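Student: Could we go through this model together, piece by piece? I'd like to know what its folding looks like.

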Amino acid sequence: MTATAQGLDMLKVAAVAAQAKGGEELVALDVSEPLPLVDIFLVVSGRSERNVAAIADEIEDKLLEAGYKRLRREGRREARWVLLDFGDLVVHIFHEQEREFYGLERLWKDCPVVPIEQVQPAVVG
């Protein structure tokens with residue numbers, strides 16, 4: 001099984017949004033084989049609680065604008081690990097320390113990595 005076209009489209013929207021707010025070390029994993037109800041996990045790092053919250057808010061806003069429905073959100077208040085569940089795409093936004101501690105990439109190491117286009121924010125000047 002591989003990620004669906006809708007999952008890949010959601011990934012693109014989320015990745016652009018994350019990068020626009022300073023999200024770092026984006027990794028997308030195709031988890032459709034072990035988790036038939038989810039296509040992709042997107043893992044993103046933020047440098048501070050404020051940064052993690054801003055990244056989560058931007059991703060959520062952009063996916064909602066694109067017409068996708070959020071099923072669940074967890075961790076927004078503490079902003080150390082925010083989970084956004086959009087069905088085919090589940091986004092994990094971590095504070096750097098939590099990402100290292102929980103090591104989702106290690107837990108899902110057998111899942112294929114989905115390439116993400118690195119989008120650079122527009123330069124104002």
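Tutor: Some ground rules come before your questions. This is a predicted model, so local features need pLDDT of at least 70 and side-chain atom pairs count only at pLDDT 80 or more, while totals for chains, interfaces and linings use all residues. Residues are numbered from 1 along each chain as its sequence is written, and side-chain values use heavy atoms, with hydrogens and water left out.

Student: Which pattern does the protein follow along the sequence?

Tutor: Helices (H or I, at least four residues) and strands (E, at least two) are DSSP runs, numbered from the N terminus. On that basis the protein has 4 helices and 6 strands. Read along the sequence, they give α-β-β-α-β-β-β-α-α-β.

Student: What radius of gyration does the protein have?

Tutor: The radius is taken over C-alpha atoms, and the globule rule is 2.2 Å times the number of residues to the power 0.38. The C-alpha trace spans about 45 × 30 × 25 Å along its principal axes. For 125 residues, a compact globule would come out near 14 Å; this agrees with the protein's value, 13 Å.

Student: How far apart are the end C-alpha atoms of helix 2?

Tutor: The expected span of a helix is 1.5 Å times one less than its number of residues. Helix 2 covers residues 49-65, so its 17 residues should span 24 Å. The model agrees, with the end C-alpha atoms separated by 24 Å.

Student: What covers the buried residues of helix 2?

Tutor: Buried means under 20% relative accessible area, exposed over 50%, and partly exposed in between (1.4 Å probe, protein chains only). The buried residues of helix 2 include Val52, Ile55, Ile59 and Leu63. Counting contacts as heavy atoms within 4.5 Å, the cover includes helix 1 (5-20), strand 2 (40-46), strand 3 (72-74), strand 4 (81-85) and strand 5 (89-95).

Student: Is Val90 buried or exposed?

Tutor: Val90 lies in strand 5 and touches Val38, Ile40, Phe41, Leu42, Leu83, Leu84 and Asp85, leaving aside residues up to four places away in sequence. Phe41 is 49 residues away along the chain, yet the two C-alpha atoms are separated by 5.0 Å. With a relative accessibility of 6%, Val90 counts as buried.

Student: How many aromatic pairs does the structure hold, then?

Tutor: Rings of Phe, Tyr and Trp (its six-membered ring) pair if their centres lie within 6.5 Å; planes under 30 degrees apart count as stacked, over 60 as edge-to-face and the rest as tilted. By that rule, the count of aromatic pairs is 4.

Student: And what kind of pair do Trp81 and Tyr102 form?

Tutor: Their rings sit 4.8 Å centre to centre. Trp81 is in strand 4 and Tyr102 in helix 3 (residues 96-102), 21 residues apart, so the pair links distant parts of the chain. With 45° between the planes, the pair is tilted.

Student: What about the pair of Phe101 and Tyr102: which kind is that?

Tutor: Phe101 counts as exposed at 62% relative accessibility, whereas Tyr102 is partly exposed at 38%. Their ring centres are 4.9 Å apart and the planes meet at 90°, so this pair is edge-to-face.
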